[in-house]
Amino acid sequence: MRIACPYCGLRDSSEFNYGGDAERIRPDLSETDPEPWLAYVYERNNPRGPHREFWHHLHGCRQWLVVTRDTATHEISDVAMARDAMRARQSSGGRE
Amino acid sequence: MSGQSNRLAAGGRIDRVRQVGFRFDGKAYQGYAGDTLASALLANGVKLVGRSFKYHRPRGMLSAGVEEPTGLVTVRSGGRQEPNVPAPMAELYDGLVSRSQNAWPSPSFDILAINNLFKPFLSAGFYYKTFMGPTRKSWMLFEPFIRKAAGLGVAATAPDPDRYEKVNAFTDVLVIGSGPAGLSAALAAGRAGARVILAEQMPGLGGALLDEPAGNPSDLWLKAVVAELESLPNVRLMPRTTVFGQFDGGTFGLVERVADHKAEPDSHEPRQRYIVLRASRVVIAAGAIERPIPFGNNDRPGVMLAGAVRSYLNRYAVIAGRKAVVFTSNDSAYRAAFDLKAAGAQVTVVDARPLDAAAIKRIESKGVQVHAGHAVAEAVGGKAVSGAVVAPFDIATGRCTGGFTRLACDLIAVSGGWDPQLHLATHKGGARPAWNETLHCLVPAGEGAIEHHAGAMRGSFGSAAAVAQGFAAGTEAAQKAGATGSSGSAPISDDLPSGELGQGFAAVFDVPPPHGLREQKRFIDLQNDVSASDVKLAHLEGYVSVEHLKRYTTLGMATEQGKTSNVIALAQMAKLRGLDIPQVGTTGWRPPYTPVALATLAGHETDNHVKPVRRTPFHAWNEKAGCVFLDTGLWKRAWYFPQGSEDVNAAYRRETKAVRETVGVVDVSTLGKIDVQGPDAAEFLNRVYVNGWKNLEVGKARYGIMLREDGFIFDDGTTSRLAEDHYFLTTTTAEAAKVMSHLEWLLQTAWPDLKVHVTSVTDQWGGVAVAGPNARKLLADCVADIDMSNDAFPFMGVRVGSGHGSVPLRIHRISFSGELAYEVFTPSGYGSALMDLLMAKGKAHGLVLYGVEALGALRIEKGHVAGNEIDGRTTLEDLGLAKMASTKKPYVGSVLRNRPAMQSEDRQRLVGLRPVDRKARIRPGMILQPHGGPHQGHGLGHVTSTTYSPQLGHSIALGLCKGGMSNEGQVIDAVFPLQGDVVPVEIVSPHFFDHEGKRLHG
Amino acid sequence: MTHYSVFSVVRNALTGNRGWSRAWRDPEPRPEYDVIIIGSGHGLATAYYLAKEHGIRNVAVLDKGWLGGGNIGRNTTIVRSNYALDGNTQFYEWAMKLWEGLSHDLNYNVMMSHRGVFNLAHTPAQYDAFARRGNWMRLNGIDAELYNREETLKHLPYVNPSKDFRFPVYGSLCQWRGGTARHDAVAWGYARAADRLGVDIIQNCEVTDFLRDVSGSVVGVQTSRGPIRAKKVGMAIAGNSTLLAEKAGIRLPIESHVLQAFVSEPIKPLVDHVVTFGAGHFYVSQSDKGGLVFGGDPDGYNSYAQRGNLPTVEHVITEGKALVPAIARVRLVRQWGGIMDMSMDGTPIICRSPVDGLYINAGWCYGGFKATPGSGWCFAWTIAKDEPHEYNKKFTLERFREGRPIDEKGQGPTPYWH
């Protein structure tokens, strides 16, 4: 598998660490209700098909990425910087 | 050459000038350079090369390639001994030593051939039905015998002396196969300017063209195309290279057999090279493999694939038989028949198809007899074929229709059609292959995203079509890979072989015996001894899905993975079930295409290179001081510094005592170190640690604890504030990498607006702890510009300065040992300079070196928790650290740590333990159980860390125990049932020594 | 139905092996059952114990493909009960006890080979942790032996004895009752035995949804072969659990990951035990046919593709060759992937679901094969009695909410690290 890191270019997946579901919503730190925290920590999207997921370019630029990858074929259709993706989500009120 | 009775006087593609000597089963033979072991054995008249897996039946060569199921031998010896080598794939070299397998004492007289008599009992799945009684563990009695009888060759017994290499490579177009299709594809892509790698598993380029008689006009075509390819700098031709797998993202696994054709690799060479190739496009032109036809005793040495017979004849000038019966269901076998005839053999063709008169005339005009509408029903002979039983055959019913006759022969050449090599095209899943009703074979259902298919692998069995398809595929592949040059025109030529009879393909997947002929085994998977009767039995018992059939009978599970057997079994099962072949389904192929040596995939990362070694900046220095190292993750940590004949126990007790009495220095460089900078750094730390960080002054350090998102303890460490916006964060050795990733994760995904940057500086800074009553005096002698006095540099203070000799220093006054102590960090390059300085000044202060064993003893005496306690399952409450957690702010894990079960008083919590009998030893790994028993189940908890305390003069321990310190003073038992040890222990405070902490403030 | 024994094998051999009957029937689904079990791995064991232990015989096992085609047929066949944590220890030991009599119980030789499972330790700290685990095992009535370096190397002459090895062997923990079993035979044996007790095994029948009544309770399943009603529905489809649970509105704390396994060409006996490398992740045994069967870490990303990639291949084989140098020139013949239900604490889930009528057996990570008998037995109990047995009462869904994870590796909610 190869991931096109926006900084480093097309690199082998062995340079990256996986970070799981990128659509789970991390509650605001001030959130005191355990429910959203439980959902965030334990419940993940696990689709057969396109999956938005975090990858960390550990042996490269050390940026966290949001990769869209099909879990049935391993084909990657999109890669974005996690920082940008998360900012966009936060400015849209937590949901995309 | 004497002995090479089956070698023709002329012809072939061998080098007759270079004679090569080799051995098989102890006997010396001669062959030529360019031979394979198989061709050389056949040249010498050796047809019987081993015994089969289950029935120990005599077996010879079936094929001339990677599909070889039976001609498996062990080659070389000692550390280079290699079992299960297909003889057709072993290139001959002078001095090659080979042995038969699965035969004792020899293939021609094999004791276990007695199994053949029991074959009715050894039917598919028989072991599932028996070996069960009389006891519950009966299988254990039978298994050793079965295991010994099974298996093929014997693995090497000495270490492999050869080297292996791994290479990463990139290309625009990968071409797999060098037949007419592959060569044309490479030519088209190469001319267009694409970077091309062409991989060919055999030693020579040309694929099926090399099966043509040497000197055939097709040699001219081949020579011209290869010459042009060699002239293109962007094309790399790689013979002896197998593409064994297709993986995601255009990744391919290749094995280049660099030196297997030599006695041993040259000094600069690896034996094999593992290449991870990333290609934009791939042209799969892997050809096709001939399919046999099952008939009675079709496993006898001398029953061979027709194409292989032709291959031995035209590549190696070896005639596999002088009196041949060629049994076929398609036109291709006639090439073998005609070439055999031309080489002087007597040839009779048995063709299952009814042939038209013109075809028969054409065949007979070549001096070849033909029985159209007939089949070979049985091979006659024991250790070699001596005849063929032939009967009229009806293709529609798949049955023999009349009386049989016997033809004398010493070779039966078979062709049941051709199976395209779909292996690599199915590795990535996708559409299952489709059944072609005309060709009676599976063809690709479509091309994968980056794939182009050409030639026989997609069912185009003629050379001209292969060239056209290959060229078109290569052109398109190059374009899609971004090449812009012109491919010119395809190298179509009249020199290419042609001349089919035009009689089409017939489907013959089984020849049951004609009436009156006793039924014999009709083998499908010749290596695993799976026959038509096994398929029938599987059907009878309901193992009818393809996967059940394979698994129940072991069909297709052999070293060649069913290359010559899968389709036949599929067809037989379809017939038994009354279904069409596509309805039965097919199973996909799994990598590797052909077996790959494990050493090759391991590459150079082996033995002591299996994982990298991490050394601290003080490593060399420690080594010189006689240090014994301890593996901790990838690190080599200083464990202890023995003096004289000291073992670890003696050494750490001495080292511990010295730290308590004078001063010691220990290498703590393996701690994770993270540089945290930015205007929001304080806010960031405040969020990741459970305790508060906003009020930490510049020049001060603080101990902090991080939780995981789920509220359990993640890590701890000391972090100092070097400037308003600059912190130096330390982590434990074990969790350093994870903490770093976690911090980056939070900054980039949770709080992208915080202005903070984190950088791992673990390898950039070395660190030592200087601990003991004389620590201040020692450091005062070492530093140039730091006031070390207690007032100027109080506990938890941080100072930046330098030591004598301009050694840059970052000093934290913190203590893990409980003594007056400092952690002194210096840039890695100054490691030796710092140690030299400390040692030079240390003599006067009684300085000793200590290691992590003593460090552990010191921290246990103080009740400081470490990795044994922070084990990923403990909470702040468990370790008595809850009071550190701020109630004024949220932090990572602050909500979920309050889940009910995590706050339960029932949990096991940190305690100190000391033996009631002070001479007794609390051992690591002990379990805490009620005093006096019963000792059963998980008990009260467990011992986490133990040491002998030189200060107290007895064994002490930390543990996790139900009820924690509320049971202080109680006696419980620490037990070690593995060795029958029970030690009554008293629950005491985990702070065994200097409870008030006077020493560290001293 | 033929009883299997040496006598039946001989009798049939003498009559041309024509007297054997189907190992299991191939029935059409009936409109309604007492219990439907989805999945023919642990599901077959569940159906067998429902019929045998609880007298519930009006049971159907549904599989979307061929029987035993999930993870029960795609693993490295290791059986052991050497777990440390309370809950796991007792459960896996109960499974082990069932393994010990399984061939007799099923009248099908599953080739349970108690050849010994060795966990190698390479540092004193690891040795101590193994000692702790071994002590817990002993205290729970499980066999365990702690061996030092010399003893270990004596038992395992094929393991790299070099002191120069990057991670020299320090010692080991061995469970002699552990070993291997023939994975397909386990599926087939349970299928045949369940079939004999009246269970309908229905292949090529994919469940696409649940049937619900007005109260929302599950009252059956919608399948590729039509609706089938049932009083209770149990799902045991590790690898695909979350996809189906979602149809019932349940989000499981599980991710699907690919784990690769490997087999070498057959060689004469070399590796006589199950051995795990402690300074990485590699485990190996040798099948009765002679192939070395081995594996390592999962690839580490969500996948349903049943195939992995080269970095993991290299990691696994690098460690394997370093540990057992004699395999250097032995060749790999096949590599494949299974899809694992990786739970958030590395421990399975066997419980009633939050939806009435639906029962969940999931989250096996890559330890499901060894659990098969115990999993089926406990799941059957839970379905039959509507409450968990003592052995599986900790394997709840609620444990995550309550803060009671059973985290053998101490890795927290990062599924691919378990």
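Predicted model: local features only at pLDDT ≥ 70, side-chain atom pairs only at ≥ 80, totals over all residues.
Sorted by class, the contact of helix 11 with helix 13 of chain B has five nonpolar, two polar and two charged residues.

Helix 6 (residues 306–316) and helix 7 (residues 333–342) of chain B pack at an angle of about 40 degrees, and their axes are 8 Å apart. Helix 6 of chain B is therefore also described as oblique to helix 7 of chain B, and here helix 6 passes helix 7 in a left-handed crossing. From helix 6 of chain B, the residues B:A306, B:G307, B:V309, B:R310, B:L313 and B:N314 meet B:A333, B:R335, B:A336, B:D339 and B:L340 of helix 7 of chain B. The residues of this contact divide into six nonpolar, two polar and three charged.

Let me stay with helix 6 of chain B for a moment and ask how many of its residues are buried. The count is 11 of its 11 residues, and the helix is mostly covered; the buried residues include the charged B:R310 and B:R315. What covers the buried residues of helix 6 includes helix 1 (37–43), strand 14 (288–290), strand 15 (303–305), strand 16 (323–328), helix 7 and strand 23 (411–415), each of them in chain B. Directly after helix 6 of chain B comes B:A317, whose phi is positive, near 55 degrees.

Now I turn to chain A, which has two helices and six strands. Read from the N terminus on, the elements of chain A run β-β-β-α-β-β-β-α. The C-alpha trace of chain A spans about 40 × 25 × 20 Å along its principal axes, and buried residues make up 34% of the 96 residues in the chain. Among contacts in chain A between residues at least 6 apart in sequence, 46% join residues at least 24 apart.

Four strands of chain A form an open sheet in the order 3-4-5-6, with antiparallel pairing. Strand 3 (17–21) and strand 6 (76–81) of chain A stand at the edges, each with a single partner strand, so one side of each is left without a neighbour in the sheet. Neighbouring strands of this sheet are turned by 30 degrees against each other on average, direction ignored. Within the sheet, strand 4 (residues 50–56) and strand 5 (residues 64–70) of chain A run antiparallel and are joined by seven bridges, and the bridge partner of A:P50 in strand 5 is A:D70.

What lies across these strands? Helix 2 (residues 82–91) of chain A lies across strand 4, strand 5 and strand 6 of chain A, running at about 80 degrees to strand 6. From another chain, helix 19 (residues 736–750) of chain B lies across strand 3, strand 4 and strand 5 of chain A, running at about 85 degrees to strand 5 of chain A.

That brings me, finally, to how the chains meet. Between chain B and chain C, the contact takes 93 residues from chain B and 89 residues from chain C. Helix 3 (residues 139–149) of chain B gives the most to the side of chain B that touches chain C, with six residues, and by class that side has 43 nonpolar, 27 polar and 23 charged residues. These two chains also share strand pairing: strand 30 (residues 596–597) of chain B and strand 16 (residues 331–343) of chain C pair in the antiparallel sense over two bridges, with B:A597 standing opposite C:R331.

Between chain C and chain A, 20 residues of chain C are in contact with 18 residues of chain A. The largest share of the side of chain C that touches chain A, three residues, comes from strand 12 of chain C.

Notes
Residues numbered from 1 in each chain as written. Chains lettered and ligands numbered in written order. Contact = placed C-beta atoms within 7 Å. Pairing = 2+ DSSP bridges. Axes fitted to C-alpha atoms, helices over the stretch in contact; angles between N-to-C directions. Parallel < 35°, antiparallel > 145°, perpendicular 65-115°, else oblique. Left-handed = near helix turned anticlockwise from the far one by under 90°. Buried ≥ 20, exposed ≤ 12 C-beta atoms within 10 Å, placed from the backbone.
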